[in-house]
2 protein chains.
Amino acid sequence: MTPQNNNYLNVKDLSFVNDIKSMAVIGASAKRDFFFLRNHYDTFKGPVYAINPTVKEISNFPKENIFPSIKNVPGDVDFAFITVPRNKVLSVIDDCVEKGVKLVSIFTAEFSDAGTEEGKTLEEELLRRAQNKVRILGPNGLGLFYPKIGLAWRPNFPTISGNIGFIAQSGGICNIAIYSSLELGIKFSKVFSFGNGADLDFVDLLDFLIKDPETEIILCYIEGIKLGRIGVLRAILKENKKPIVVLKGGKSEPGVRAANTHTASISGDYKIWKNFFRQYNIIDVDSLEQLLHTARLIDCYGIFKANNLAVLSISGGYGIVLVDIIEKYGMKIPPFSSETQKEISKRFFISGTSSNNPLDFAAQFFVATSVQEVIDIVLSAKEIDGLIIDLPGFYLTLPPRIQDPSAFLNTVLNYLSLGHKHHKPLIVITQHMTRPKTIHEFLMELKQRNVPLFGDPLEFISLLPKISNYLKKDTK
Amino acid sequence: MTPQNNNYLNVKDLSFVNDIKSMAVIGASAKRDFFFLRNHYDTFKGPVYAINPTVKEISNFPKENIFPSIKNVPGDVDFAFITVPRNKVLSVIDDCVEKGVKLVSIFTAEFSDAGTEEGKTLEEELLRRAQNKVRILGPNGLGLFYPKIGLAWRPNFPTISGNIGFIAQSGGICNIAIYSSLELGIKFSKVFSFGNGADLDFVDLLDFLIKDPETEIILCYIEGIKLGRIGVLRAILKENKKPIVVLKGGKSEPGVRAANTHTASISGDYKIWKNFFRQYNIIDVDSLEQLLHTARLIDCYGIFKANNLAVLSISGGYGIVLVDIIEKYGMKIPPFSSETQKEISKRFFISGTSSNNPLDFAAQFFVATSVQEVIDIVLSAKEIDGLIIDLPGFYLTLPPRIQDPSAFLNTVLNYLSLGHKHHKPLIVITQHMTRPKTIHEFLMELKQRNVPLFGDPLEFISLLPKISNYLKKDTK
């Protein structure tokens, strides 16, 4: 087998992905009420064809787009989602080659993932039949989510396109990430679930996202990598300029054991991976939630420094706990310089507050202009890299003394957006459990202003030094 | 000063707290539209009196319950919330002593918390004037939240009484905890915000909660403790049989500095505290969220063992990450015994699943009876102490193939409740960001069945060994 090289490296050319204009679902079936067909048809921006040798009619689907074989489709088909029984996959691939389909995603499982000799042989045969003419995602994967063109394998996937690329073997992880992105405020350029990676593997897809003009931040969930691909991976990473955040599945012994079953990956010793990540300035996290939160933080503020932080709270006790957690993760809460302190202290006038770092506004929070001025001064200070704000939701269900609630909330939104003015991270914590329905609109507006909002300090504080460290390193 | 001893120890008798039947708000003021008066009046189950020498009428409040002084109230007043200006506090206390009020909560600040000699002297004078006849919470605190009798200082506090007691100096921390409890499913017996602790301090309140028949689990946020009270604290803890969970504010140097400002506490070296907590089998956590989550876990399952866990997921990748996190925190994901494995394997019949630990149900999740049987077997297994389940919310927005959604969801609720049958913890993760509105009722039902629900594995996994370790230790 001679793979098509897109340059001197052994990586496959996927530049055509950005030009996908038509698609088919092969194996659309009444058994699950045409689940994958309907999902794609709902949002895909070009023609969608249903391929099934026996189906003649599908409710709420144009009859003229149903064909017994992909070869019968009159126009081009750039992409096909294949969900036929395993024993039909080879002939379907032959058809796709003949039709000139550029990319297929094979959902059908029980190839090498079955762990049997038969499955392995079938996967090898699949590759041979594809003849390097049609590129394959899978088998045993969900393929490609590409919101810009409405390519989506599940219902209610987000329809807005963004700048974050995600690669995972596991389709389930992709589902959680994609559904979460809506609520979190991050937007994907492309998500690849490559399953067994028989043809397109982690290295090919990473190379594609590194070059993809639509992608600025790259997220990966990986369980393992074929040994023969490490050299190519190193060469690709050497040239990479985009932030890459990785969640490695299989760090512990039972995790490795499970990964071997899950995607037949050789996941190897995590220590080796850890060194590798360090060498190539890859941000390494512990959970899917951290992977997405890191993307959100970088998306909002770019890569930032977070060595010296300020804290602002309404509850002094909560502020002290924040300080302890921040220091635990190796960052500092320095005192303000005397000039900064002087300017800040002037603006505190209610008892029970504290104008030192950590700032404690207590009831003076309701004098929003004073908070705004203080935040502006704090973020102007050279000694401060960023600001963490504790804002329990119930303080936004306003007491009667606030005479113009919408003006008040608008001021709050304005000062929470000040991180962008100063190019420093300003991060808000509104505890998950203190969010009355009445503040939903406020939180949505915060999201739209690209202010990262968390529900628990332990969701993100450990991520700040990881982002900050990225700055210090040079890719070797 | 000779404090009233309730036994040989220097702790104050608070047994009368459980018999509070009447209350007054002294200093009810139009300036904040009678904020504290209205909050208490909304929910308190006995008579509420408004005390203000100049106010004659208050909208939506019975005129006959307004008095110029507490001395004018005809009947008994067991409890008074004091929010008068600082220079009025002493005479108000004199009145309370004369009236025979048992407990007051002084919200007014700028006593010892001001850090001035004047404030300190005023606080000492306050104690003298109380003559040990009226017990004081505060000054500079929010006092007592006691849902059983509807005693609540803020609007929309929960009205259902429970078994969890909470002590904190900081009122802001109490507010976050109380509002969070609703959503989290924990219920408080009593919450004390004791501010400066001039009279009733941490030790008195802890002693009360240890003896309180309405309290089973004790939560504390402490910044520091008076040096002279450590001996008494040790004596109390020696006899204690209830689980105590502590969040220590001021673990880091800047945290200590801030705590000294916040409540004039001597918070001391955290290493000493840590040893102290270990010696008295106190569970020590890092955030307010962890404090509440620990209470939730213990409330649902009591103190439990969590050395060997099973994991069940719909996404294999997410399950592997869970395994890695669980192992990182020192717990084990053991293989099932051969008998257990045999019984489990029989019940897996769809490709792409895994019947080993971690269990991966993939699409077989929709065959709910098979999941139910497997969970029952897993929790019966001697080698397994508990089960962590990954259940992304979108899998509960059911595909068309589920013909009877309510029967399906009911089966899911039943099997998620199986932890109670086997007296082993079964914990559910439904990612915060994957909870469509349509599953709200399902999640509420889960809460009512006392099944702990988390939105992120890092919220609770580190807490499991802390709870598990509690079993291993004897209080010395």
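Into which domains is chain A divided? In this predicted model, chain A comprises domain 1 (5-298) and domain 2 (303-474), with bounds taken from an automatic or database domain assignment. Local features need pLDDT of at least 70 and side-chain atom pairs count only at pLDDT 80 or more, whereas totals for chains, interfaces and linings use all residues. Residues are numbered from 1 along each chain as its sequence is written, chains are lettered from A, and side-chain values use heavy atoms, with hydrogens and water left out.

The C-alpha centres of domain 1 and domain 2 of chain A are 39 Å apart. Contact (heavy atoms within 4.5 Å) links 18 residues of domain 1 of chain A with 17 residues of domain 2 of chain A. Between these domains about 1600 Å² is buried, 60% of it from carbon and sulfur atoms; buried area is the accessible area (1.4 Å probe) that two parts lose on being put together, summed over both. On the domain 1 side, N281(A), R296(A) and L297(A) lose the most area to domain 2 of chain A, together accounting for 41% of what that side buries.

The elements giving two or more residues to the domain 1 side are α4 (171-184), β12 (283-285) and α9 (288-301) of chain A, where helices (H or I, at least four residues) and strands (E, at least two) are DSSP runs numbered from the N terminus. Of these elements, α9(A) gives the most, with six residues.
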